[in-house]
Amino acid sequence: MAHRVFVDGAAGTTGLEILDRLKGRTEFELIELPSDRRKDEAARREALNEADVAILCLPDEAAREAVELIDPAAGTRIVDASSAHRTAEGWCYGFPELIGADRVAQARRVSNPGCYPTGFLALLAPLVRAELLPADWPYTVHAVSGYSGGGKALIERFEASGAPTYRAYGLLMGHKHLGEMQLHAGLEHAPLFSPAVIDTHRGMVTEIPLPLAAMDTGTSPVELHGALEEFYDASPIVRVHPDFDRPDEILLMPDAEPRDDIELFVFPAADGTQVRLLARLDNLGKGASGAAIQNLNLMCGLPETAGLKLPQN
Ligand SMILES: NC(=O)C1=CN([C@@H]2O[C@H](COP(=O)(O)OP(=O)(O)OC[C@H]3O[C@@H](n4cnc5c(N)ncnc54)[C@H](OP(=O)(O)O)[C@@H]3O)[C@@H](O)[C@H]2O)C=CC1
Ligand SMILES: CC(=O)N[C@@H](CCC(=O)OP(=O)(O)O)C(=O)O
């Protein structure tokens, strides 16, 4: 029997990308609301309670309200794409590569990782866990995102005339992703995070620069690279670029197609004293909708990558 899925917020940026990935999938039966009732509380309550799995593609406050609308007796399982529950008790953090696919498969409430934390954690969490990097270092993380990362409002701003080509923000260092990054990397301090938006629709690069020699860990760039390769060896989604195939530059392209993989790079200084860890991903792919579909697949006992947009190579 098909799994009944309701996407709450289906008309938004993340919701539309999820619908695109669900197209033609006979394992699912979509519960859809007419557009004039998509924000109607009674209609949403009914759909949320009818669903086997509800995917919340809503602003945080609306996501919290949606959870309240679900009667626990209805048995609806949840994938929340918002940042409302990423550090909350009773929620499984939906990053199967880090948390374990089995835990996601069994969870009733799954919180999808944020787009920036996805790149940050993919790089750092396995290395801290393996004690190759210290948990008490004050890490720095720089990132650029396509403007779709800010949803409909930011898309409208960047597609209007007179739009900026670059926007640095989070300047007072209170970005909402800090707690999530700290908790799930197991760090003593929140990282110093400098995000920026660029004038392209989708795509994201997250970078963690490490002054390895000053950190006095005794860890070499080769060890960091080897540990990431080993950690993601079996992953069909996270790809660690081999050290013999490092590109000279990392690009984001304005006409990039949607994709649900994530690429990790380790760039060492010639003398090994410094290293730049970089992740490139689609903020709407593994950073949001692709991750939601991956989690949905696992929760429904389906192949993890079904419906995902993964490059062939
Ligand atoms: N964009 C991205 O790259 C990522 C987004 N996310 C998260 O996913 C969530 C959705 O983001 P995104 O798709 O970008 O945002 P959008 O603003 O593009 O879409 C949000 C949608 O939710 C609808 N909505 C708002 N309030 C309600 C409500 N009470 N009931 C029903 N629908 C409602 C909006 O309606 P209307 O169309 O009328 O405005 C809109 O269609 C956010 O929490 C975001 O932080 C997470 C990772 C990455
Ligand atoms: C470019 C941009 O504005 N990005 C958003 C984050 C997008 C995202 O990851 O959504 P969550 O907050 O749900 O994780 C921001 O910085 O707030």
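This is a dialogue on how to read some features of a predicted model.

Trainee: What should I know about the model and its numbering before starting?

Mentor: The model is predicted, so local features need pLDDT of at least 70 and side-chain atom pairs count only at pLDDT 80 or more, while totals for chains, interfaces and linings use all residues. Residues are numbered from 1 along each chain as its sequence is written, and chains are lettered from A and ligands numbered from 1 in the order in which they are written.

Trainee: In what order do the six strands of the parallel sheet stand?

Mentor: Helices (H or I, at least four residues) and strands (E, at least two) are DSSP runs, numbered from the N terminus. Two strands pair if DSSP finds at least two bridges between them. Here the six strands make an open, parallel sheet in the order 2-1-3-4-6-5. Strand 2 and strand 5 (92-93) are at the edges with a single partner strand each, so one side of each has no neighbour in the sheet. Inside the sheet, strand 1 and strand 3 run parallel and are joined by four bridges; Val7 is opposite Ile55 in strand 3.

Trainee: Which residues of helix 2 are buried?

Mentor: A residue is buried if 20 or more other C-beta atoms lie within 10 Å of its own, exposed if 12 or fewer, and partly exposed in between, with C-beta atoms placed from the backbone. An α-helix has 3.6 residues a turn, so residues three or four places apart point the same way. In helix 2 (residues 41-50), the buried residues are Arg44, Ala47 and Leu48. They cover an arc of only 100° around the axis, which puts them on the same side of helix 2; the arc is that of the directions from the helix axis to the C-beta atoms. Their cover includes strand 1 (3-8), strand 2 (28-31), strand 3 (53-56) and helix 3 (60-69), where contact means C-beta atoms, placed from the backbone, within 7 Å.

Trainee: What is the strand order in the mixed sheet?

Mentor: Seven strands form this open sheet, in the order 8-9-7-10-13-12-11. Its edges are strand 8 and strand 11 (238-240), each with a single partner strand, so one side of each lacks a neighbour in the sheet. The twist averages 20° from one strand to the next; axes are lines fitted to C-alpha atoms, for helices over the stretch in contact, and angles run from 0 to 180 degrees between N-to-C directions.

Trainee: How many residues of strand 13 are buried?

Mentor: Six of its seven residues are buried. Strand 13 pairs in the antiparallel sense with strand 10 (residues 204-210) over seven bridges, and Leu210 has Val275 as its bridge partner. Strand 12 also pairs with strand 13 in the antiparallel sense, over seven bridges, and Leu264 stands opposite Ala279. Strand 12 and strand 13 form a hairpin with six residues between them, and Gly272 in the turn has a positive phi of about 75°.

Trainee: Which residues other than glycine have a positive phi?

Mentor: Among them are Glu131, with phi near 60°, and Met173, at about 65°. Glu131 is in the loop between helix 6 (115-129) and strand 7 (140-146), and counts as exposed because it has 10 C-beta neighbours inside 10 Å. Met173 lies in the loop between strand 8 (166-168) and helix 8 (178-185); Met173 is exposed, with 11 other C-beta atoms within 10 Å.

Conventions: Contact = placed C-beta atoms within 7 Å.
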